[in-house]
Structures are given as structure tokens and as C-alpha cells.
Amino acid sequence: MKEYNKVLTIAGSDSGGGAGIQADIKTISALGCYASCAITAVTVQNTLGVEAVHAVPIEILKGQIASVLSDIGTDAVKIGMLHSSEVVRATRDMLDKFNAPNIVLDPVMVSTSGHKLIEDEAIESLTKILIPRARIITPNIPEAEILLGEKITSQEELPAFARKLSKLGGANKVSVFLKAGHLTDDNLQDVFYNAEDDEIYLLNSKRIYTPNTHGTGCTLSSAIAAGLAKGYSLHNAAIEAKHYISNAIEEGSTYSIGHGHGPVKHFWEFWK
């Protein structure tokens, strides 16, 4: 019997469908992998923003992860919104219990519309407990600034900041995909620091002016996880993920959905 390449996503639910678990499952599926999930919180949100967050009880979260990993298993794990330190610790405990591989951590802290999605004490737990467990983290500029306590003002600074972020992994030497979209340049230059070969790679793309950027971070990190689940090297998974998200943004830029920040077009290769 054939087997699927599998990705478990641990994140919050977005009722609007553009980010969180919904974006993860769409991305993982579009890239040819089987998606399972563990929901950390249910949000009330649409393209205009987040109105409320309801946390899933810790034992239910742990049960979801255990249920998936004890039966289905996984080839990679994508982690998104973990809103409290208790959720961070529970997630780390379950990943260790089942020796989950290829952890891709998107340190979600603020939504595209500017709403805070994580408690202050959870940031310290994320830094000390979960980042050292990850193979790669995928912060945007605001998240990198929070993690390091420093301001980023230009693209030229990004390689140095990516190396600084890598040190948060301690002895693990976590790799970093630092996204440049929050800067103002027309020509964007994301930075991928591969800690496994100690090389910096500059990934260029032209800025696409569109309101449809909701869930871009979730989508990118899920695409990296899908690549790792398929057995790609970390370098190739990052390159393919950049290609996927760039096309998803461009193809989704001509659509109108909702009255705020719309989603990218996750199935751009199939919906012609």
C-alpha cells in the first residue's frame, strides 16, 4: 500500500477561512500532502479582524495531538498560534512524547489586521521552550522585533537579524526564514538562514500591491512543512515555499472577498 506524505498542523481556527488551520490545510493539500490538525483556539474573525478568541482546553489540545500521532503519525509539524504559556508547554510535551520530526514554527503574535493573538508571558515560553525544538522558524518583521527586542529598519539588516534569531535555538541552531513584507521596498528580499549549512540565502520577489495578504505567514510555514514532509532538503523546501506563496499572492490579488484583508489563492495551480 502507498503512504501519504503527512503534515500535522497545530494552530488556531479562523472562521473566515483565510488564515490559521484553514489556510494550513488548504496549503498542505495543494502541495500534495495529507493534513491533520490540532486546534489550539477558536477565533471569531473575518477579513476585517479578530473579534474574539476562545481557547481549547489543554487536555483537549493534548488529546488531539496524541490521537493523530499515535495513529496517523506525521512527517512534519507546522505550529501556528499558541496563545498562552500553558499551550506552549503542552505542545512541547506532546511533540517530545511522540518524537515528532521536522518542526516548522511560525511565531504568530499579531494578525495581519493588527490584532494581538498571544499573551505576553507566552512569548517567553515560546522563546525558551519551543524555538529550541524547531527545525526552522518563520517570523515576520514585527515578530522578529518582539523576539529580539530590537527594531529592524531596512532589508540590509535582515541577514544579521536572521543569524541572531537562530541563536534563540541554543545548541539546536534553528534555521530562520525572515520575511521582509512589512518593510516598504518595492523589491522584497526575504532572508533564509540555513543553520544546517551556515549559509544565508536571499530570496527576491516584486511587491504585489493587494489587500489580499491575510494568512500569508500561515501559508508560507505550511508550505515549508509540506516540502519537508515530502523529503525535500530544508533549502529546497524553503525555495519551493517561496515560489508557492509568491504565486498564491499574485494569483489572489485580482479577487475580491470580504471588506478587509482577503486571503491568498491557495489553489492557484488548480483553479484556472
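**Helix packing and salt bridges**

Helix 2 passes helix 3 in a right-handed crossing. The structure described here is a predicted model. Helix 2 covers residues 58-71, and its axis lies 10 Å from that of helix 3, at an angle of about 25°. Because of this angle, helix 2 counts as roughly parallel to helix 3, the limit for that class being under 35 degrees. On the side of helix 2, the contact is made by I58, L61, K62, I65 and A66. Helix 3 contributes E86, V87, A90, T91 and M94 to this contact. By residue class, the contact of helix 2 with helix 3 consists of seven nonpolar residues, one polar residue and two charged residues.

Helix 3 also packs against helix 4. Helix 3 spans residues 85-97 and helix 4 spans residues 120-130. The axes of these two helices are 8 Å apart and meet at an angle of about 20°, so that helix 3 is roughly parallel to helix 4. The crossing of helix 3 with helix 4 is right-handed. The residues of helix 3 that make this contact are S85, V88, R89, R92 and L95. From helix 4, the contact involves E121, A122, S125, L126, I129 and L130. The contact of helix 3 with helix 4 comprises six nonpolar, two polar and three charged residues.

Salt bridges were searched for next. Side chains of opposite charge can pair when their charged atoms come close. Twelve salt bridges are found in a search of the whole structure. One of them joins D96 to R92, with 2.7 Å between the closest N and O atoms. Both residues of this pair, D96 and R92, belong to helix 3, where they are four residues apart, or about one turn of the helix. D96 has a relative accessibility of 36% and therefore counts as partly exposed. R92 is likewise classed as partly exposed, because its relative accessibility is 23%, and buried means under 20%.

The closest N and O atoms of E124 and K128 are 2.8 Å apart. E124 and K128 are separated by four residues in helix 4, about one turn of the helix. With a relative accessibility of 47%, E124 counts as partly exposed. K128 counts as exposed, because its relative accessibility is 58% and exposed means over 50%.

A further salt bridge is formed by K242 with D190, and here the closest N and O atoms are 2.7 Å apart.

The surroundings of K242 were then examined. K242 has a relative accessibility of 9% and so counts as buried. When neighbours within four places in sequence are left aside, K242 is in contact with F177, D190, L203, N204, S205 and L220. Among these contacts is D190, the residue with which K242 forms its salt bridge.

Key:
Residues numbered from 1 in each chain as written. Predicted model: local features only at pLDDT ≥ 70, side-chain atom pairs only at ≥ 80, totals over all residues. Heavy atoms only, no water. Axes fitted to C-alpha atoms, helices over the stretch in contact; angles between N-to-C directions. Parallel < 35°, antiparallel > 145°, perpendicular 65-115°, else oblique. Left-handed = near helix turned anticlockwise from the far one by under 90°. Contact = heavy atoms within 4.5 Å. Nonpolar A, V, L, I, M, F, W, Y, C, P; charged D, E, K, R; others polar. Salt bridge = Lys/Arg side-chain N within 4 Å of Asp/Glu carboxyl O. Buried < 20%, exposed > 50% of the residue type's maximum accessible area, 1.4 Å probe, protein only.
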